[in-house]
Amino acid sequence: MKKYLAELVGTFVLTFLGCGAAVALGCDAGNTAAIVGTAFAFGLAVVAMAYTIGGISGCHINPAITLGVFLSGRMDAKDCAMYIVFQVIGAIIAAAVLAGIVATDPSAVITTATGANACTYGTVNGLIVEIVLTMLFVLVVLGATAKTNGATNNFAGLAIGLSLILIHLVGIHFTGTSVNPARSIGPALFQGGKALADLWVFIVGPLVGGALAACIWKIIEPAEK
């Protein structure tokens with residue numbers, strides 16, 4: 001149970017700090033400084049959690065990563081399912097807290113934004129972006145944490161966090177960047193509208209991307225020494 005709760009806490013932190021930065025900075029396609037700041041917020045949140053709960057649960061804090069790890073044979077079906085359930089719960093709690101903060105903002109400048117994802121250029125575009133970016137991100141995770149890949153797992157948290165920054169710098173313009181179904185479910189439930197209508201893209205896309213990453217890693221993974 002401790003590892004499931006660790007995933008809940010980690011996903012809460014990732015969603016709250018990442019989406020919170022997007023809201024606070026007013027992140028949109030025309031605000032370059034806010035895009036960079038939001039990208040760093042998500043990446044640094046992953047780095048922080050990797051070194052906080054990595055020894056407890058492995059710090060997946062993302063159903064796409066959990067699926068990739070499961071398909072790579074590194075965890076069983078029960079843990080896979082429970083990780084995803086607790087990740088989604090953590091993201092929903094984080095979105096609820098963020099929505100409460102926004103709703104009680106005395107300046108009333110921001111009233112509904114929760115850092116939710118949406119397909120800015122259509123669902124096909126959004127689906128392609130999320131599949132490709134998640135595939136790349138989960139591939140980094142699988143490679144950086146592999147015991148067969150030399151000493152790279154000693155710096156896995158840093159490598160994963162930095163790669164997530166890069167992923168966001170590319171994806172925010174198109175979808176707001178999800179690559180994480182849990183991170184999208186929480187905010188969409190509170191924002192509604194287009195974010196909720198497009199939610200399936202941010203569930204299907206990352207899960208497909210995670211599965212593809214697992215397939216690629218199985219092909220290129222070094223043999224056990």
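Student: How many disulfides does the structure hold?
Tutor: In this predicted model, a disulfide would need a pair of cysteine sulfur atoms within 2.5 Å. Cys-80 is in no disulfide, since the nearest cysteine sulfur, that of Cys-215, is 14 Å away, and the sulfur of Cys-119 is too far for a bond from its closest counterpart, in Cys-19, at 16 Å. The number of disulfides in the structure is zero.

Student: Is Cys-119 buried or exposed?
Tutor: Residues count as buried when their relative accessible area is under 20%. The relative accessibility of Cys-119 is 2%, and Cys-80, with a relative accessible area of 9%, is buried as well. The class to assign to Cys-119 is therefore buried.

Student: How many residues apart in sequence are the parts that Lys-3 and Asp-79 tie together?
Tutor: The side chains of these two residues, Lys-3 and Asp-79, meet in a salt bridge with an N to O distance of 2.9 Å. Lys-3 belongs to helix 1 (residues 2–25), whereas Asp-79 belongs to helix 4 (residues 77–103), so the parts that the pair ties together have a sequence separation of 76 residues.

Student: Which residue forms a salt bridge with Asp-198?
Tutor: A search of the whole structure finds two salt bridges, and in the one that involves Asp-198 the closest N and O atoms are 2.9 Å apart.

Terms used:
Residues numbered from 1 in each chain as written. Predicted model: local features only at pLDDT ≥ 70, side-chain atom pairs only at ≥ 80, totals over all residues. Heavy atoms only, no water. Salt bridge = Lys/Arg side-chain N within 4 Å of Asp/Glu carboxyl O. Helix = DSSP H or I, 4+ residues; strand = E, 2+ residues; numbered from the N terminus. Buried < 20%, exposed > 50% of the residue type's maximum accessible area, 1.4 Å probe, protein only.
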